[in-house]
Amino acid sequence: MRAMVLEAQRHPLQMREWPVPQPGPEEILVRVHACGVCRTDLHIVDGELPHPQLPLIPGHEIIGQVEALGKEVTRWQVGDWVGIPWLAHTCGHCKYCVRGLENLCMQASFTGYTHPGGYAEYTTAHQDYAFALPENCRSPEMAPLLCAGLIGFRSYRMIGASAEHIGLYGFGASAHLITQIAMHQGKKIYAFTRDGDEAGQAFALQMGACWAGGSSDKPPVNLDAAIIFAPVGELVIRALQAVDKAGQVICAGIHMSDIPSFTYRWLWEERKIQSVANLTRADGLQFFQAIQHIPIRTSVHFYPLAEANQALQDVKQGRIKGAAVLLVRDES
Ligand SMILES: [Zn+2]
Ligand SMILES: [Zn+2]
């Protein structure tokens, strides 16, 4: 099969002829149709996340169809539509797993990081960690649901149900999906982009945000909560200054630059800062349930598999309105 392979961090991916993986007893072999390009992939390639399993096929926003079954697989049939997310496997018995926090499992493995991912024509997944895709989530433009959607949704659910005015810092793949869910639930979205990014602000307004500005701008109301999707530590302070008493600041990314020191006054009055790590399978099931009756639209830029490096650079430079997706099936 053809695969885009990371052989060493801080080097571009290489197109390689690679053996089609053999599914383990509890794994399914999946023919990849499309794979989203997540900012986390960029952090892995750029060396900001340590110790990937090299050589590595990145990619954890996978849409495909089951091609073959391991001999103990019971939950799937050949031809089923499947979505493969970041969480590839957990131990099931560590203190986090037994408390319903499998996202923090001490022996977790992750798709496209410690388990081969979807920048290839085929991949494998454990039968219990892949999601059956509803009919409206099978087309390639839905690939970003598998991480930008799922982890964005986990971040969004960290916010108290009474929150009405919600700020999103970094209006990319996650934010444009979460905006649609939040609006459906009657929330108001305030979008913060890089200062001066008028195209990004226009995109946010077009997706339904009630206000859009630069990250240095003050929103027209005190926010009840803010989610930070951009990997920029200063934004934690900006967001703290924008939220009301008891406001929450949720850091949704897996990596962020250092947070500068700040006066306790900005945290005072029960403001909270929290990070979100990975996802649980329950997040996924609830996410697909939540979007069942919401006509989710994605804004997607497609690339052929061979142009994965270009896609990563475009994500890095913020050149894409929405999400980048590799079309794997179309060209093979
Ligand atoms: Zn991701
Ligand atoms: Zn565990």
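In which strand is the place of Ala-246? The tour comes to that residue at its last stop; the model to have open is a predicted one.

Stop 1: Where the domains touch, domain 1 supplies 18 residues and domain 2 supplies 13 residues.

**Stop 2: the domain 1 side of the contact.** Select residues 39-45, which form helix α1. With three residues, helix α1 gives the most to the side of domain 1 that touches domain 2. By type, the residues of that side are eight nonpolar, six polar and four charged.

**Stop 3: a cis peptide bond.** Move to Leu-54 and Pro-55, which are joined by a cis peptide bond with omega about -10 degrees. Pro-55 sits in the loop between α1 and β4, the latter covering 62-69. Most peptide bonds are trans.

**Stop 4: Arg-10.** Next, select Arg-10, in the loop that runs between β1 (2-5) and β2 (14-17). Its phi is positive, near 65 degrees, and the residue is not a glycine. Most residues other than glycine have a negative phi. Arg-10 counts as exposed because 9 other C-beta atoms lie within 10 Å, and the cut-off for exposed is 12 or fewer.

**Stop 5: Ala-246.** Finally, select strand β14, residues 243-251, and find Ala-246 in it. Ala-246 also has a positive phi, near 65 degrees, without being a glycine. Ala-246 has 14 C-beta neighbours inside 10 Å, so it counts as partly exposed.

Definitions and conventions. Residues are numbered from 1 along each chain as its sequence is written. Chains are lettered from A and ligands numbered from 1 in the order in which they are written. This is a predicted model: local features need pLDDT of at least 70, side-chain atom pairs count only at pLDDT 80 or more; totals for chains, interfaces and linings use all residues. Two residues are in contact if their C-beta atoms, placed from the backbone, lie within 7 Å. Helices (H or I, at least four residues) and strands (E, at least two) are DSSP runs, numbered from the N terminus. Ala, Val, Leu, Ile, Met, Phe, Trp, Tyr, Cys and Pro count as nonpolar, Asp, Glu, Lys and Arg as charged, and the others, Gly among them, as polar. A residue is buried if 20 or more other C-beta atoms lie within 10 Å of its own, exposed if 12 or fewer, and partly exposed in between; C-beta atoms are placed from the backbone.
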